[in-house]
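Please walk me through this structure.

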Amino acid sequence: MMTNLEHPLVQDYLARLRAQAAALPEGEARELVADIEEHFVAAEREGGTSEADIRTLLDRLGTPESVVAAAAPPAPPAPAGSGIPRREGMTVMLLIVAEVLVLTVLLAPIGIIVWLVGLVMLVLCRRWNTAQRAQAWVVLASGVPVALLALAAIGMTAYTDMSCAPDGSNAATCDPTASAPPAWVPWLVGLLGIGFGLLQVVIARRLLAAVGEHGPAPKGLRMR
Amino acid sequence: MAAEGEGKALTQLRRGALEHCVLALLDDGERYGYDLVGELSEAGLVAGEGTVYPLLSRLRKDALVTTTWRESESGPPRRYYSLTPAGRQALGDFRGAWGEFKSAVDRLLDGKARS
């Protein structure tokens, strides 16, 4: 027999609830979902498990939107100094600035220090939920290592090219067809880099939007 | 002290009659969350049963109620809610304020009906 929690209608309800609850502080969201899940389990013992029973049960619960709306405190939490959102905004900014610094090569050491500060800040960020934090780690915090790898790849090609340059005494090894990969590697790295950069912009915007209006809004979005 | 409590309860009255109804339901002893929610719903006090859970969680955070997990004969452990001393105090304050509020509104309504 199917338990209540396994019923597609219930699964659908819980998925919608989780999505809506993502707007709440993490602990609160988790507790709310657990409470509603327990409600379903209890209803199974007290009521029936037929399709009609489940529909009545869901009807009585109210929409996930109304449940989450009830969880939002009467006066929305407007942290006076908006200290916490500022931390999230700062983290995103540090990680991206670090990446740009590393890409300049000359300022790379400063970039790595900025990156480390950004990582510490990221650990301290509390307003994002688990999924959002994971995105920040995978897409934003990875920026500096990815930039270093890209530089290494380009550097290696440049080095191979240079080894061909001197007085041409070893012309045989300098045959462009012999050093096969070099020609397209920088292009590939460049294209991948642009793709990764675009992904970062998208994720950064989304993460900043998630912590509200306080984060430094992406330039161009609110200019007018 | 009591007057101050009643004044405070009166402010709460306007936005929070429901949370005091929850406290009142717990006055006779601890209750299983699911039963509590069902009773509020049957009394016609809530639009959606789901909206009671955030309220319960808020009451717990404000230390007006406390929860205990108890094993049940069938199925997973159940969460029971009961009043804390602060919750009992809040309920008492509300009872006093509610009486006054109700008669004030009644007087006004009756007066309007007669004129």
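Pro54(B) sits in helix α3 of chain B, which covers residues 52–61. Helices here are DSSP runs of H or I with at least four residues, strands are runs of E with at least two, and both are numbered from the N terminus. This is a predicted model, where local features need pLDDT of at least 70, side-chain atom pairs count only at pLDDT 80 or more, and totals for chains, interfaces and linings use all residues. Residues are numbered from 1 along each chain as its sequence is written, chains are lettered from A and ligands numbered from 1 in the order in which they are written, and side-chain values use heavy atoms, without hydrogens and water.

Is Pro54(B) buried or exposed? Its relative accessibility is 6%, so Pro54(B) counts as buried. Buried means under 20% relative accessible area, exposed means over 50%, and partly exposed lies in between (1.4 Å probe, protein chains only). What does Pro54(B) touch, leaving aside neighbours within four places in sequence? Its contacts are Leu32(A), Val67(A), Ala70(A) and Ala71(A). Contact means heavy atoms within 4.5 Å.

Now turn to chain A. It has nine helices and zero strands. Of its 224 residues, 34% count as buried.

Follow chain A to helix α9, residues 185–210. This helix has 26 residues and spans 37 Å from first C-alpha to last, close to the 38 Å expected at 1.5 Å a residue. That expected span is 1.5 Å times one less than the number of residues. The buried residues of α9(A) include Val185(A), Phe196(A) and Leu208(A). Just after α9(A), Gly212(A) has a positive phi of about 95°.
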